[in-house]
Amino acid sequence: MRPDANTAEVIDVGGDGAALDPAAVPRVDAGLDAGTLVSLLAQNAKTHGATVAVRERDRGIWREFTWSDVLSEVLAFAAALDAMGFRSGDGLLVIGDNRPRLYFGMLSAAALRGYPAPVYPDVPPDDLEYYAGNSRARFALAEDQEQVDKLLELRSRAKLPEVIVYDDPRGLANYTEPGLLSWEDLIRKGKERLAREPGLSDDLINRAKPTDAAVLLHSSGTTGKPKGVVLQHRRVIAAARNAEAADYFRAGDELMAYLPMAWVGDFVFTVSSGIALRFTINIPERQETVLHNLREVAPTVYFASPRSWDAMLTHVQVGIAESTWLKRRLYNWFMPLAIELERERLAGRTPGLFSRIAYAIGDVLIYAPLRDYLGLSRAKRAYTAGEAIGEDTFLFFRALGLDLKQFYGQTENCALTAAQSSGEVKLNTVGKPLPGVEVKIDDNGEILIRADSVFDGFLNDEAATQKSLAGGWLHTGDAGYMDDDGHLVVLGRVGEVVYTKGGERYIPTYIENRLKFSQYIKDAAIIGAGRDYLTALVCIDMNAVGHWAEVNGVTYTSYAELSQRPEVYKLISGVVRHVNELLPAALAIRKFVNLPKEFDPDDGEVTRTRKLRRNVIDERYAPIITALYDGFETVEHESLITYETGATGTLKRRLAIYELK
Amino acid sequence: MILECCDLERSFGGLRALKGVTLGIEKGEIFGLVGPNGSGKTTIVNSITGFYPPDSGKILFEGKDITGIRPHDVARLGIARTFQNLALFRGMSVLDNIMMGRHIHMRPSALASLFYWVWAERDEIRQRELVEDTIDFLQLQDVRDLPIEVVPLGLQKRIELARALVSEPRLLILDEPMAGMNQEEKEYMARFILDAREERGLTVLLIEHHMDVVAALCDRMTVLSYGEQIADGKPAEALSNPRVIEAYLGTKRRHAA
């Protein structure tokens, strides 16, 4: 299926706008017979009409929608949108937390050959305006009053969207704005129309083509303006099929849909795999109740970001620390044993008989109850991606008996490029490319991808499309290599590879992630491009350091004050020293500063997915960076703060610089 | 006029807590009751809800004389209140605390309860649905099952509001619902009060210290000082009344230049 990717000869991909060569793309006609998400949904409704497709916890009770219910809602909403003049190529902004109706509405817009454009619920107004304009969003679907207010504000500035449909009517009774409609009203009208026009259902089911957009996602934009990634039906369906072929998903899986709807992973897992592989999708009551609802659902496949896994580990550790003497003893005896066993297994050794018997006993006494407590008793397949996961966390959950695996992907390839497979998990790789995905490394060390699941272009940006798909390969912009076993190792962004003055090559993110594996460090930015040595800006983790301070009798009143305590500097220097041991001597971090505030998406220092915006950081902390290299011991710092009201203020402090000897 | 208080007088020993207070609240209004500490605000509430009947004067609720009626009967008539110093039931979950508010609407007979699965279950489910609706309204889903002791104070106030709301009152009396709250919690609470009126057609008697809240929320208000009514009317008018300024800030002194 996959030609020897790591030894395949490297073709010329000439970065400077080489034209897209259709002949080089074997996938050009791929998936034309795969149908659309809408036609697959109709098929599900026909063959499994009475099977539960979606569960939503509402008013404390799990309410169920069968495949027939889902299809009927999707068609009714499509019929109503159609009657209001929603045309092929129009956008439907979808804004809110995960709700069944928002998912249904996306499918309705796709059925009408439009662009369903989910956005993050906490999207800044300027970005929202850009998304609305880019997707020509004449229509919007909002979760509740809060989101309606945002859209009304947007309309007053950008004249878009003309029609706003809301799911939850709470608090909207007295709104008199034109074009503000409730979901229920539209569904009623849609159903009436479907009853009047007998051929309409079939028309709506078959109107969209496999080459139409299934979804329009906006890339997070670590650099410059976000780009609109159009994923066609055939692409997202191919991604689901590839994942199934890799035994990544199985037909009929139970899935928890709680990750942001604007994230490619949620669309590919919940919507496209959900329909193509007939999952049961479970939607939590609120974001705050996810962990609680997780236990009620006990999904069979579970995805969480590395940060969530870290949080879950902390949750367990805190719980055990507050538990009874017996439970603590059991945990402290059995858990290290399981972790040691897991290490052995990953190293390819078979553990001894005694260890295996002890593990079996531990499973009954502690591992299984813990899995149950976390709601993961049925989660035989658990995943993480987005950034590197800490070794301790990774080992812990694998030791607990969860088959936790990492995968790697990008929005442009429907989130699924390579994945670790069971029994072949290596700590530093993201596994082999999925079946149906070709991966190649070019001369610059960039990862290139060719697959049926690769997208066909950015919306309204031909130049970027040409560049991204030059030579028929997707240029990921990630730097990496294939190891001897054909596993892909991802280092970071190609554009992030930087050199010190002495010519040492490194990727800041890689080092920052190693720092962030410590519970005491929430964020870090490595400085050093074109400099003599590396330095770091550190944001301490308020919870962990706060707790540490409490235990160690260090007093503080605020984040800023805590960050500047000499004891805390000492604590963080220990972490930095440990990371330095893992780095070549020339890349050791020589000095660092604890910043008086966390990096905040509202201040533009990190993206919504918490990726650093280096240009912003370089600019905002320029005086500190200068001081780090000028031999000062402290530096005066003024930071700009944006309050929730939108007002701005400044915070002035003298920060200490710590030098590691 | 949903509530009328005529010439209320109440003394505690030698202290005249209310000196002839008269006020009328229209249906659907948010009516503010304001005044410095010890000015008699809570005494009025306690008179209306029957905790301390007034020594003289009359209280009419929907045209009916309720002067001196006992508290549980007042609750049945459709008046619910929250307390200045939280009065939640320790040792019970948040959900059970809110369910207590349905108490006045539940009429379980001994026989029905005995054959729970046959008779009482359906009623219990209906009651729970009403409670869940309020939990959703006040966004209390994530604390629903927690014991009340571990819930933060700001949320406890919200739970008290929930308990008052589930009794489906026509008049809701809120005794300093925002005491001890931070700005964000105050904004939430203000929003809930407005939404409760809009959605449930409630009339609200709001006792509050925070002037910004009162001015923003109330349609009309009465200002008390030492048991005496010193101003009435729209918030802007009442708050600019010199007597109110004097009661709050002391006598205004003229400064040179």
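# A walk through chains A and B

In chain A, 65% of the contacts with a separation of 6 or more join residues 24 or more positions apart. That figure, like every other here, comes from a predicted model. Chain A has 661 residues, and 45% of them count as buried. Its secondary structure comes to 21 helices and 27 strands. The radius of gyration is 26 Å, close to the 26 Å that the globule rule gives for 661 residues, so chain A is as compact as a globular protein of that length. Along the principal axes, its C-alpha trace spans about 80 × 60 × 60 Å.

How is chain A divided into domains? Domain 1 takes three stretches, 22–27, 306–381 and 391–494. Domain 2 covers 37–300. Domain 3 covers 497–659. Take domains 1 and 3 of chain A as a pair. Their C-alpha centres lie 28 Å apart. Four residues of domain 1 of chain A are in contact with four residues of domain 3 of chain A. On the domain 1 side of this contact, three residues are nonpolar, one is polar and none is charged.

Next, the strands of chain A. Five of them form an open sheet in the order β4-β3-β5-β6-β7, with parallel pairing. Which strands stand at the edges? They are β4 (115–119) and β7 (180–182) of chain A. Each has a single partner strand, so one side of each is left without a neighbour in the sheet. From one strand to the next, the twist averages 25°. Strands of a sheet pair through backbone hydrogen bonds, either parallel or antiparallel.

Look inside this sheet at β3 and β5 of chain A. Strand β3 covers residues 91–95 and strand β5 covers residues 139–142. They pair in the parallel sense over four bridges.

Strand β11 covers residues 280–283, and three bridges join it to strand β1 (residues 52–58) of chain A. These two strands run parallel. Here A:R55 stands opposite A:N282 in β11(A). Strand β10 (residues 254–256) of chain A also pairs with β11(A) in the parallel sense, over three bridges. In that pairing, A:L255 has A:I281 of β11(A) as its bridge partner. In a regular strand the side chains alternate between the two faces of the sheet.

Now pick out a single residue, A:P306. It lies in helix α11 (residues 306–321) of chain A. Is A:P306 buried or exposed? It has 20 C-beta neighbours inside 10 Å. A residue is buried if 20 or more other C-beta atoms lie within 10 Å of its own, so A:P306 counts as buried. Which residues does A:P306 contact, leaving aside its neighbours within four places in sequence? They are A:T384, A:G386, A:E387, A:A388, A:I389 and A:G390. A:Y383 is 77 residues from A:P306 along the chain, yet their C-alpha atoms are separated by 9.2 Å.

Turn to chain B. It has ten helices and ten strands. Its radius of gyration is 20 Å, close to the 18 Å that the globule rule gives for 257 residues, so chain B is as compact as a globular protein of that length. Its C-alpha atoms fill a box of roughly 80 × 40 × 35 Å, taken along the principal axes. Buried residues make up 35% of the 257 residues. Of the contacts in chain B with a separation of 6 or more, 67% are between residues 24 or more positions apart.

The domain assignment of chain B gives domain 1 (1–78 + 169–257) and domain 2 (90–168). The C-alpha centres of these two domains of chain B lie 28 Å apart. Eleven residues of domain 1 of chain B are in contact with eleven residues of domain 2 of chain B. On the domain 1 side, α2 (71–77) and α7 (183–200) of chain B each supply at least two residues. Which element gives the most to that side? It is α7(B), with four residues. By class, the domain 1 side has eight nonpolar, one polar and two charged residues.

Last comes the contact between the chains. Ten residues from chain A and eleven residues from chain B take part. The chain A side has one nonpolar, four polar and five charged residues.

How values were computed. Residues numbered from 1 in each chain as written. Chains lettered and ligands numbered in written order. Predicted model: local features only at pLDDT ≥ 70, side-chain atom pairs only at ≥ 80, totals over all residues. Contact = placed C-beta atoms within 7 Å. Nonpolar A, V, L, I, M, F, W, Y, C, P; charged D, E, K, R; others polar. Domains from an automatic or database assignment. Pairing = 2+ DSSP bridges. Axes fitted to C-alpha atoms, helices over the stretch in contact; angles between N-to-C directions. Rg over C-alpha atoms; globule rule 2.2 N^0.38 Å. Buried ≥ 20, exposed ≤ 12 C-beta atoms within 10 Å, placed from the backbone.
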